[in-house]
Amino acid sequence: MTEQTIQRLDPAALASLVSTAVAEQPVTDLHTHVFSPLFGASPDHHGLMLWGIDDLVTYHYLIAEVFRVVPSNELPYYSFFAMSKQEQADHIWKHLFVERTPLSEACRGVITTLSKLGLDPHEKTLEPYRQWFSEQEPGAFVDKVMQVANVDQITMTNAFFDDNERHMWMHNPDLAGDARFAPVLRIDKLLLDWPAASNVLRECGYDVRVDFSGQTMDEITRMLHEWIEKMKAVYVATSLPPEFHYPTLPPERNHADRIIRDALLPVLHERNMPWALMIGARRGANPALQAAGDMGGRADINAVVNLCRQFQDNRFMVTMLSRENQHELAVVARKFGNLFVFGCWWFLNNPSLIEEMTRMRLELLGTTFAPQHSDARILDQLVYKWDHSRKIIAKVLTDKYSDLAASGYHVTEEQIRKDVAMLLRDNYRKFVGLPT
Ligand code: RAT
Ligand code: ZN
């Protein structure tokens, strides 16, 4: 590099170059729960695609928060869940947005989303927002949100063991037909509740037995191939509890170990496809809160070590839910090139923790990870989840480039843009084999 191409940027110029590069870089969002309009997006919201003010305000993170203000001895859980979605949204809006300052991350997210969509977030009732959303057409609204959030592809979560969703896939061969959305085969129950999973597989025509006799493993293999193909899945995913473990050496200990070793990983190897593990979700800590009742727990990192070491020809995408697991996960990724670390998941998707994790990952892994995924459930949330995360990623990168400058190395704008493209889009796309 010649002397002229080296930019010695002053701190303000560097910060502005980095934040522009981060803002302008389209993101491939690698894990969400958003569905395409093909799954149904009617204005009465009976489909799977969630969008608009009532879905936004009844996000399960906000349901958990409203029960801190109006506890269940004042409004029992069952009474809340018996209310219509609009009534639930009115209740949440009143208590979290009108009578209190919306300071929490999930509350601020609604404010950012409304503001960036051009709406005034100070309304005392939801009616003006309802009116505005009723004028949006779902398909065009997807384009609008993707443009405001600068997201080029939304990765879905397509749950084979969800009866409603599975029936949709069985009766509509074109569900993967919206190129803005990438499907993912999600198979939690196969590993977490084999007796129940085997019943569903049998109902679907797979000759499996709960004791693994007969053709069971071949039939699980057949199901995985068939459903990866039917969904046109880009990867296979599971969310796992803190207790998840994979032993050091065969023989296997339980159903999950056998299925992982003899069906899941061979299928993925044959198809050159990664397995995404999201480890640390403890379901139903407060079951009455439904989807809002889950919590997290610290997991054993050796599960990840053992999988990466024993299956070196397989590839693993891993995120973990507890803050305590983050350092060891980044260290393990230094040992195994077949491990791709991604995202600040769920209770970690908060500015203070995103900053801490992104800084640590850059220090341990350089640019070889994906700092964030949105986990959005409601389409509109892409706006805030990415706006908030981009600002933190830009801040951390600016600090790191300043540290480099203090060490005598000055980055070019081209380098900054390349780093940002890898972090927000290309590392993930390469890892799953999508075009970059
Ligand atoms: O983040 C969430 O919305 C959680 O409820 C879970 O869905 C989690 O992200 C998961 O994928 O299991
Ligand atoms: Zn998720």
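Colleague: Is phenylalanine 160 buried or exposed?

Modeller: This is a predicted model, in which local features need pLDDT of at least 70, side-chain atom pairs count only at pLDDT 80 or more, and totals for chains, interfaces and linings use all residues. Residues are numbered from 1 along each chain as its sequence is written, chains are lettered from A and ligands numbered from 1 in the order in which they are written, and side-chain values use heavy atoms, with hydrogens and water left out. Buried means under 20% relative accessible area, exposed over 50%, and partly exposed in between (1.4 Å probe, protein chains only). With a relative accessibility of 0%, phenylalanine 160 is therefore buried.

Colleague: What kind of pair do phenylalanine 160 and tryptophan 227 form?

Modeller: Rings of Phe, Tyr and Trp (its six-membered ring) pair if their centres lie within 6.5 Å; planes under 30 degrees apart count as stacked, over 60 as edge-to-face and the rest as tilted. Here the centres are 4.9 Å apart and the planes stand at 80°, so the pair is edge-to-face.

Colleague: Which charged residue sits over the ring of tryptophan 227?

Modeller: Tryptophan 227 is itself buried, at 3% relative accessible area. A charge sits over a ring if NZ of Lys or CZ of Arg is within 6 Å of the ring centre and within 35 degrees of the ring normal. At 5.1 Å from the ring centre, the residue is lysine 230.

Colleague: How many aromatic pairs does the whole structure hold, and how far apart in sequence are the parts tied together by phenylalanine 67 and phenylalanine 80?

Modeller: The search finds 21 aromatic pairs. Phenylalanine 67 and phenylalanine 80 make an edge-to-face pair, with 5.4 Å between centres and 75° between planes. Helices (H or I, at least four residues) are DSSP runs, numbered from the N terminus. Phenylalanine 67 lies in helix H3 (residues 60–69) and phenylalanine 80 in helix H4 (residues 77–82), so the parts tied together are apart in sequence by 13 residues.

Colleague: How are helices H8 and H17 oriented to each other?

Modeller: Axes are lines fitted to C-alpha atoms, for helices over the stretch in contact, and angles run from 0 to 180 degrees between N-to-C directions. The axes of H8 (residues 138–149) and H17 (residues 381–406) come within 9 Å and cross at roughly 10°. Angles under 35 degrees count as roughly parallel, over 145 as roughly antiparallel, 65 to 115 as roughly perpendicular and the rest as oblique. H8 and H17 are therefore roughly parallel.

Conventions
Helix = DSSP H or I, 4+ residues; strand = E, 2+ residues; numbered from the N terminus.
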